[in-house]
Amino acid sequence: MVSTNYAPEHAGIGPYATQIAEHWADLGHETHVLAGMPHYPSWSLDPAYAGVWRRTEERAGVLVHRRRHTVPPRQTALKRAAFEASVLAHGLVAPPAMARPDAVLAQMPSLAGGIIGARLAARWRVPYVPVVQDLMGAAAAQSGISGGDRAAALAAKAETYALRRATLVGVIHQTFVDKVAAMGVDRDRIRLVPNWSHVSGPSTPREKTRARLGWGEETVVLHSGNMGLKQGLEVLVEAARRDPGVRIVLLGDGNQRAHLEELGAGIPNLDFLEPVGDDEFPDVLAAADVLAVTQRASVLDMSVPSKLTSYFAAARPVVASVAAEGGTAHEVLRSGAGVLVAPEDPGALLAEVRRLGGDPDTADALGAQGPRHVEAHLTRAAGLARIDALIDEAMGVPST
């Protein structure tokens, strides 16, 4: 596997890459991962890897080959390009020292990871299978990153290079299919491999967790995960400013956190929480009254937030401040566990939050649809089985 993100990263695609690789190792396969240095979602290097240039480590039976790269604390098109270039250069110059594998899987949105995977598979003459988690060409155009318009064309070229050379292409959502096909990938080589819920349900009573966190009777709205440009989290800061009776909690990290803290300075009902451990995370989600997912209005078809699978498992209602025509909106409505409001509209978001906060029975009934959706469509076993089937098909292994 080639995946810039990997454990100990606990947000984004890192947990999916880790669970796939560890699943393969558990099955008895010799599994190697070419990964970057842990840095996400804070976009700061994990102190445990300070000064490390290259390292091979064993984690849960998986051999992880780390390669140094830049870690830009703030995102611009130029800095993102430098990040990708450093991942690409080091990965190609110093690939893993290992025997010829049976197949190569690459986790994208890393453009560099996609190109490295394609090049290594060609060198070894083995099947190459990228899994598209985000579309970086569309992301550059839609996320609001400085210089994004200029970067979009270059990113699309890199994506096209990586995807056209694939034996099969996995996509995590149906809305990605047209974009991938437009890059010249035959539709009969595209397979749907949705992500799964990689966290368990809560294990502690909500009231106990709320008391520990200092949450009282007020309605608590929680956003978890990356605080980046595409999330458009200013809408939550403004919502907190407008209604002191609603507590807004931003849990996690990201390159926009400092900006959001500055923007929200002096708002007493706006909290920023540091990321919590995997054992505590489900309880914190479940303790909220409403779970929020937000995106800029321009974000349509470039990503589906991985946080949704965790939200659904928490059994709390989801309010999605996103474009109605995008993949995120589609998933929220398909789950039956949430409602949509107009993106970048704090008034619309607050109206829905107040409605759910004032009607606990409706909120509970809506939230209860989440675990049902997980059990029906998003179990880890089903997700890993889809990945196994994708690899087997690329290798020509007969289906059983």
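Which side chain meets that of E331 in a salt bridge? The partner is R334, at 3.2 Å from N to O; a salt bridge here is a side-chain nitrogen of Lys or Arg within 4 Å of a carboxyl oxygen of Asp or Glu. E331 and R334 are both in helix α12 (residues 327-335), 3 residues apart, or about one turn of the helix. At 11% relative accessibility E331 counts as buried, while R334, at 38%, counts as partly exposed (buried is under 20% relative accessible area, exposed over 50%, partly exposed in between, with a 1.4 Å probe and protein chains only).

This is a predicted model, in which local features need pLDDT of at least 70 and side-chain atom pairs count only at pLDDT 80 or more, while totals for chains, interfaces and linings use all residues. Residues are numbered from 1 along each chain as its sequence is written, and side-chain values use heavy atoms, leaving out hydrogens and water.

The whole structure contains 19 salt bridges. One of them joins R212 to E280 at 2.8 Å, N to O. That pair links distant parts of the chain, 68 residues apart: R212 is in helix α7 (residues 206-213), and E280 is in the loop between β11 (270-273) and α10 (281-287). E280 is partly exposed, with a relative accessible area of 26%.

Another salt bridge joins R66 and E57 at 3.0 Å, N to O, and both of these residues are buried. A network of salt bridges links R55, E57 and R66.

Of the 400 residues of the protein chain, 58% count as buried. Among contacts (heavy atoms within 4.5 Å) between residues at least 6 apart in sequence, 69% join residues at least 24 apart.

Terms used
Helix = DSSP H or I, 4+ residues; strand = E, 2+ residues; numbered from the N terminus.
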